[in-house]
Amino acid sequence: MTAQVNSSSNLPIRQRLGLRPIINASGTMTALGASIMIPEAIKAMAEISTEFVEMDDLQRVASQAIARLTGAEAGFVASSAAGGIILSIAGAMTGSRLLAIERLPLDTTGLKTEVILQYGHNAAYGNSIDQAIRIAGASAVLAGSVSSCQPYQVEEAITENTAAGIYTVAHSTISYGMLTLPEFVAICHAKGVPVIVDAAAEYDLRRFIAEGADIAIYSGHKFLGGPTSGVVAGRKDLIRAGYLQNRGIGRGMKVGKESIVGLIAALEAWEVRDHAGIKAQETAIIELWHKALSGHKGIEIRVSPDSTDNPVDRLEVRVKPESGYTAYGLVSALAASDPPIMVRGHQAEQGRFWMDPCNLHPGEAGAVASRVVALLTGERPANALAVPTKSTAGILKWPD
Amino acid sequence: MSADIRPELGLRQIINVSGTMTSLGASIAVPEAIEAMSRALPQFFDMGALHRYASGVIADLTGGEAGFVTASCASGITIAVAAAMTGSDLSAIERLPDTAGLKDEVVMLSGHMVSFGAPVEQMVRLAGAKVVPVGQATSSHAYQLAGAITDRTAAAVFVVSHHVVDYAQVPLKTFVEVCHAKGVPVIIDAASEYDLRMFLAAGADIAVYSGHKFLGGPTSGIVAGSKDLVRACYLQNRGIGRGMKVGKETIVGVSAALIAWKTRDHAGIRAREKTALDTWVAALADRPGATATIVPDPTNNPLDRLKVSIDPEEARITAWDLAQRLAAGDRPVIVRDHEIEHGHFFLDPCNLHPGQEHVVAERLVEELGRAALSNDVIATPIEDVWLARERGILAWPD
């Protein structure tokens with residue numbers, strides 16, 4: 001990898017940096033650079049990058065924009081949804097006590113330190129919810145089991161030491177047997193415990209607050225198409241306490257003016273976005289893929305709705321042995337293509353993957369279709385029947 | 001130059017003579033960084049590969065073996081401490097801040113326990129480590145450092161900042177020698193330092209810089225140093241580093257700022273800063289009660305500031321009241337006020353847009369002139385100023 005790059009080159013930026021021009025049919029994934037940022041946000045970021053601004057005031061402006069979009073009392077911008085979760089937990093523990101904020105994480109003198117979490121909601125998203133809880137200095141109290149959680153299991157787990165309850169909305173949670181958010185809220189609120197909802201990849205900015213969440217946390221860089229950031233919305237006292245963590249453990253998770261301004265622009269654009277038009281484009285892409293992948297031996301396809309009710313459909317591709325591929329083999333062959341095509345392969349071990357239409361540039365949907373068809377009609381590559389492995393060898397070699 | 005977005009957001013168009021302060025939006029980003037960010041934002045990247053690219057750029061500029069981009073210098077410290085504790089043990093990374101089975105003590109000089117908006121030692125504790133202070137606030141010795149190192153010591157953190165106690169501390173060279181003699185890696189907090197090579201050249205294992213201060217990159221932290229430690233830093237993205245993550249735009253932007261740093265016209269920039277200082281010295285000449293002195297940067301960065309000392313009897317106003325008045329109105333000027341109770345503030349010339357040095361001069365003359373007409377000395381008790389500041393903090397977002 002060379003660092004000697006001509007910064008004035010007009011080559012497309014990925015080529016300029018010596019990086020592969022991947023096509024993202026996977027989703028708004030952190031590991032792929034999230035989303036296609038909307039032009040409004042890019043413009044706003046460029047504009048603020050050269051100006052000074054009082055950051056507390058800028059976060060006040062963000063608070064108002066977040067409040068308007070979510071229906072919450074207030075909000076602030078964090079470095080990421082992951083950062084927002086940590087700061088929200090810390091805020092629920094410390095309130096506005098500035099010394100307690102400076103003492104975190106291991107010194108929790110005088111603070112409530114337990115956070116209730118349904119077992120099936122302890123998701124991994126790069127790290128895990130329970131680690132986010134521990135970073136704030138709290139400990140997770142897991143309620144129920146991986147496949148079911150009953151009301152009494154949450155209710156009786158709440159003690160005088162309970163600082164908050166966390167509710168995770170994500171495709172990576174257990175999708176059945178858990179309490180609904182209104183049920184979880186009712187139990188927690190009856191005992192005076194605030195509820196924090198991790199809604200990182202959710203589309204509906206109002207629903208969780210409307211259902212009683214005291215805090216809801218979204219990614220700024222997923223559906224919103226803003227810069228890498230987290231949106232924290234909720235009850236004013238808890239939002240304030242979360243924001244005040246910038247004087248403590250939140251300092252390292254800070255966001256700059258460019259991210260805050262970019263996010264505000266993305267929120268404003270969200271209000272006037274042509275949601276129906278975007279959905280129609282995505283539907284057309286799904287139809288294109290559906291047509292291209294139909295009739296191939298050993299390939300079963302269907303349009304599948306999003307698992308957490310976001311208004312997004314994906315194409316589910318089931319790969320049978322008669323196709324000459326395993327799902328993992330086909331996913332790998334797509335990723336090894338030129339240009340590389342990343343599909344949603346987190347369930348490849350179950351013989352299926354998804355193709356996501358939300359993050360494509362014009363023309364890429366056709367390129368994806370052509371490449372899949374070429375792989376299904378051409379000679380099978382050597383690793384076509386590969387089975388998934390959970391190797392960490394690659395990451396342990398970084399940066400080599 | 002694009003339009004100023006601040007009025008649109010209802011925000012004041014402040015002039016920054018304070019410095020590259022987080023609370024004011026850091027620095028004026030260089031055009032190369034803005035352009036690169038704008039071009040990266042609509043594209044997807046293999047983030048591991050993008051981090052690898054940035055590692056190459058950081059290595060090139062710092063002389064380190066590798067580098068890593070994180071959310072801020074503060075998170076860089078947390079992550080570097082975490083890396084020194086866990087190495088590449090992925091399970092240990094996921095267990096943090098639980099440090100069972102790991103070395104978990106970090107030695108720091110007492111005189112380095114500063115607050116930069118948050119306590120620097122809290123950044124160490126956030127990783128799960130325990131801070132072992134060495135010496136007293138106003139003195140430390142090599143033997144105290146050596147004696148504080150045990151078989152539980154994971155790392156030593158050395159802070160370079162205008163906030164640290166600037167006398168009677170163990171110097172960097174000795175600090176590194178003592179730590180290395182005992183096999184302890186040294187992490188340098190060089191958030192606001194200009195020289196990207198000297199700390200690693202002096203033997204540090206990791207040096208952490210802000211990407212958004214002198215470099216003029218986006219808000220970020222740069223971790224440079226030995227490959228095994230930088231790798232262990234990168235791997236914290238699977239653990240406590242996840243909330244401190246940076247996006248593609250930040251990595252691309254800070255890389256562009258680093259590359260631009262190589263060809264920056266440092267002499268031309270210094271000359272412009274000198275012009276600003278001269279303008280202010282001229283404006284303050286013969287002002288009753290105001291004494292202007294050009295002072296060098298306390299940590300040897302190649303920049304000078306203007307120290308403005310205020311005699312309240314003669315000027316008819318205290319330094320802090322003057323600073324507050326400069327910050328008010330429709331041409332707000334924010335001065336460097338961290339030593340304000342001593343009756344002086346500084347004017348930093350590094351973050352001005354063309355022509356703003358004259359606005360600063362006009363505002364100084366304007367506010368000093370207004371105060372000079374006052375019968376009573378304008379003197380808010382300093383403790384009231386500080387308490388009001390605390391109340392202000394707690395009122396946010398109101």
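An axis is here a line fitted to C-alpha atoms, for helices over the stretch in contact, and angles run from 0 to 180 degrees between N-to-C directions. The views below show a predicted model.

**Close-up of helices α2 and α11 of chain A.** The axes of α2(A) and α11(A) come within 8 Å of each other and cross at roughly 150°. Angles over 145 degrees count as roughly antiparallel, and α2(A) is therefore roughly antiparallel to α11(A). The crossing of these two helices is right-handed. On the α2(A) side, the contact is made by A:E40, A:A41, A:A44, A:M45 and A:I48. Facing them, α11(A) supplies A:K257, A:E258, A:V261, A:G262, A:A265, A:A266 and A:A269. By class, the residues of this contact comprise eight nonpolar, one polar and three charged.

**Close-up of helices α3 and α9 of chain B.** Helix α3 of chain B, residues 73–86, packs against helix α9 of chain B, residues 227–235, at an angle of about 110°. The axes of this pair lie 8 Å apart. Angles of 65 to 115 degrees count as roughly perpendicular, and α3(B) and α9(B) are therefore roughly perpendicular to each other. Helix α3(B) contributes B:I79, B:A80, B:A83, B:A84 and B:T86 to the contact, while α9(B) contributes B:L229, B:A232 and B:C233. Seven of the residues in the contact of α3(B) with α9(B) are nonpolar, one is polar and none is charged.

Seven strands of chain A form an open sheet with mixed pairing, in the order β2-β8-β7-β6-β5-β3-β4. Its edge strands are β2 (74–78) and β4 (139–143) of chain A, each of which pairs on one side only. From one strand to the next, the twist averages 25°. Within the sheet, strand β5 of chain A (residues 162–168) runs parallel to strand β6 of chain A (residues 195–198), and four bridges join them. A:I166 has A:I196 in β6(A) as its bridge partner. Helix α10(A) lies across β2, β7 (215–219) and β8 (230–234) of chain A. Relative to β2(A), helix α10(A) runs at about 25°.

**Close-up of the three-stranded sheet of chain A.** Three strands of chain A, in the order β9-β10-β12, form an open sheet with antiparallel pairing. Strands β9 (299–305) and β12 (352–355) of chain A stand at the edges, each with a single partner strand, so one side of each has no neighbour in the sheet. The twist averages 30° from one strand to the next. β9(A) pairs with strand β10 of chain A (residues 313–319) in the antiparallel sense over seven bridges. The bridge partner of A:E300 in β10(A) is A:R318. Strands of a sheet pair through backbone hydrogen bonds, either parallel or antiparallel.

**Close-up of the two domains of chain A.** Chain A is assigned a domain 1, made of 13–33 + 274–377, and a domain 2, made of 39–272. The C-alpha centres of domain 1 of chain A and domain 2 of chain A are 31 Å apart. Domain 1 of chain A gives six residues to the contact, and domain 2 of chain A gives 10 residues. On the side of domain 1 of chain A that touches domain 2 of chain A, one residue is nonpolar, five are polar and none is charged.

**Close-up of the two domains of chain B.** The division of chain B is into domain 1 (7–21 + 265–394) and domain 2 (31–262). A distance of 32 Å separates the C-alpha centres of domain 1 of chain B and domain 2 of chain B. Five residues from domain 1 of chain B and nine residues from domain 2 of chain B take part in the contact. The side of domain 1 of chain B that touches domain 2 of chain B has two nonpolar, three polar and no charged residues.

**Close-up of the contact between chain A and chain B.** In this view, 80 residues of chain A are in contact with 88 residues of chain B. Among the elements that give two or more residues to the side of chain A that touches chain B are α1 (13–16), α4 (81–94), α6 (129–135) and α15 (393–397) of chain A. By class, the side of chain A that touches chain B comprises 39 nonpolar, 25 polar and 16 charged residues.

Definitions and conventions: Residues are numbered from 1 along each chain as its sequence is written. Chains are lettered from A and ligands numbered from 1 in the order in which they are written. This is a predicted model: local features need pLDDT of at least 70, side-chain atom pairs count only at pLDDT 80 or more; totals for chains, interfaces and linings use all residues. Domain bounds come from an automatic or database domain assignment. Two residues are in contact if their C-beta atoms, placed from the backbone, lie within 7 Å. Ala, Val, Leu, Ile, Met, Phe, Trp, Tyr, Cys and Pro count as nonpolar, Asp, Glu, Lys and Arg as charged, and the others, Gly among them, as polar. Angles under 35 degrees count as roughly parallel, over 145 as roughly antiparallel, 65 to 115 as roughly perpendicular and the rest as oblique. Two strands pair if DSSP finds at least two bridges between them. A crossing is left-handed if the near helix is turned anticlockwise from the far one by less than a right angle, and right-handed if clockwise.
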